[in-house]
Amino acid sequence: MPDTLSDLRRNLAEAYRIVANEGILDAFGHISVRHPGNPNRYFLSRSRAPSLVQADDILEYDLDSNPLVPPTVRPYSERVIHGEIFKARPDVNAVVNAHSPWVLSFAANGVPLKPIHNKAAFLAPATPIFDIRDRFGATDMLLTTPAQGQALAQALGTGAVVLLRGHGHVAVGPSVKVAVFRAYYAEFNARLQAQSIALPGSTTYIEGEEAVRSDRTMQRVDDRPWALWKSKVRGRTDKP
């Protein structure tokens with residue numbers, strides 16, 4: 001846990017740049033973290049390309065996704081994704097909304113992700129797929145109302161990842177490190193799964209107790225990939 005809210009803002013801004021650098025977010029997408037001292041609040045950047053996010057871009061919201069201080073900059077229109085998931089999942093302390101390409105392909109084809117690699121064991125038994133059209137008809141594919149955020153949270157259920165047709169995926173975790181890890185390895189697993197199901201024979205997935213044990217182990221070593229990813233973006237800033 002960060003020592004201060006200033007540290008939290010710096011860590012969250014760094015998470016944005018990490019996930020952008022690893023190709024999980026592009027010019028769009030966002031990451032939030034729950035307030036460590038007040039579970040009814042969370043932090044999220046202003047509307048900005050992830051690779052440009054800095055600590056002073058981070059805004060504070062209540063769980064209805066209202067900014068605590070009237071912003072002088074534009075907030076993300078999809079912040080209800082974060083607020084409604086935090087409401088529905090007290091165990092979740094970080095949310096990543098990503099747009100990585102291989103995961104999008106699975107969502108478009110209605111094929112759930114299933115873990116074929118131990119680092120993606122959190123996908124077990126299979127990811128739900130959220131199609132906004134089923135509940136709300138034709139939209140611009142963005143989730144901007146509380147009802148849409150609630151529907152996504154319901155689709156996620158108790159899982160770690162939900163796929164969004166035509167949009168991307170959402171990964172959650174008990175910390176920003178774990179949520180980023182899951183967003184990254186969902187894409188990693190999607191590439192492997194696509195290759196595997198294209199080969200002759202049947203794919204063997206990680207299931208049951210194997211998945212539980214693997215996910216537990218990976219959460220204990222999340223500092224290792226975080227340190228690597230952090231080293232790649234260290235010192236990057238949009239300021240002179």
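The second largest pocket has a volume of about 370 Å³. Its lining has 23 residues, and those closest to the centre of the pocket are Phe122, Thr158, Ala160, Arg182 and Asp215. The model described here is predicted. The points below cover this pocket, a cavity, the nonpolar core and the aromatic rings.

**The second largest pocket**
- Helix α7 gives the largest share of the lining of this pocket, four residues.
- Strand β7, which spans residues 168-173, and helix α7 each supply at least two residues of the lining.
- By residue type, the lining of the second largest pocket divides into 14 nonpolar, five polar and four charged residues.

**The cavity**
- How many cavities of 30 Å³ or more does the structure hold? The structure holds one.
- The largest cavity contains about 40 Å³ of space.
- Helices α6 (176-197) and α7 (208-220) are the elements that give two or more residues to the lining of the largest cavity.
- The residues that line the largest cavity are Phe122, Val178, Phe181, Arg182, Asp215, Met218, Gln219 and Asp222.
- Four of these lining residues are nonpolar, one is polar and three are charged.
- Phe122, Arg182 and Asp215 line the largest cavity, and these three residues are also among those closest to the centre of the second largest pocket.
- Rolling a probe the size of a water molecule over the atoms shows where empty space is left.

**The nonpolar core**
- In soluble globular proteins, nonpolar side chains tend to be buried together.
- The largest nonpolar core in this model has 64 residues.
- Which residues have the most contacts inside the core? They are Ile31, Ile85, Phe122, Val170 and Val180.
- Helix α6 gives the largest share of this core, ten residues.
- Phe122 is one of the residues with the most contacts in the core, and Phe122 also lines the largest cavity.

**Aromatic rings**
- The count of aromatic pairs comes to seven.
- Phe181 and Tyr185 form a tilted pair, with 4.6 Å from centre to centre and 40 degrees between the planes.
- Both residues of this pair lie in helix α6, where Phe181 and Tyr185 are four residues apart, about one turn of the helix.
- Are Phe181 and Tyr185 buried or exposed? Both are buried.
- Tyr184 and Trp229 also form a tilted pair, with 4.8 Å from centre to centre and 45 degrees between the planes.
- This second pair links distant parts of the chain, since Tyr184 is in helix α6 and Trp229 is in helix α8 (residues 223-233), 45 residues apart.
- Tyr184 and Trp229 are both buried.
- Ring pairs join Phe181, Tyr184, Tyr185, Phe188 and Trp229 into a cluster.
- Phe181 is part of this ring cluster and also lines the largest cavity.

**A charge over a ring**
- The charged end of Lys114 sits over the ring of Tyr205, 5.3 Å from the centre of that ring.

**Ala190 in helix α6**
- Ala190 lies in helix α6.
- Why does Ala190 count as buried? Its relative accessible area is 0%, and buried means under 20%.
- Ala190 and Ala120 are 70 residues apart in sequence, and their C-alpha atoms are 9.5 Å apart in space.

Conventions: Residues are numbered from 1 along each chain as its sequence is written. This is a predicted model: local features need pLDDT of at least 70, side-chain atom pairs count only at pLDDT 80 or more; totals for chains, interfaces and linings use all residues. Side-chain values use heavy atoms; hydrogens and water are left out. On a 1 Å grid over the protein atoms alone, a cavity is a set of points where a 1.4 Å probe fits but cannot get out, and a pocket is an open set with protein on both sides within 12 Å along at least five of seven lines; lining residues have an atom within 4 Å of a point. Grid points are joined across faces, edges and corners, and a volume is the space filled by probe spheres set on the points. Ala, Val, Leu, Ile, Met, Phe, Trp, Tyr, Cys and Pro count as nonpolar, Asp, Glu, Lys and Arg as charged, and the others, Gly among them, as polar. A nonpolar core is a set of buried Ala, Val, Leu, Ile, Met, Phe, Trp, Tyr and Cys residues joined through side-chain atoms within 4.5 Å. Buried means under 20% relative accessible area, exposed over 50%, partly exposed in between (1.4 Å probe, protein chains only). Rings of Phe, Tyr and Trp (its six-membered ring) pair if their centres lie within 6.5 Å; planes under 30 degrees apart count as stacked, over 60 as edge-to-face and the rest as tilted. A charge sits over a ring if NZ of Lys or CZ of Arg is within 6 Å of the ring centre and within 35 degrees of the ring normal.
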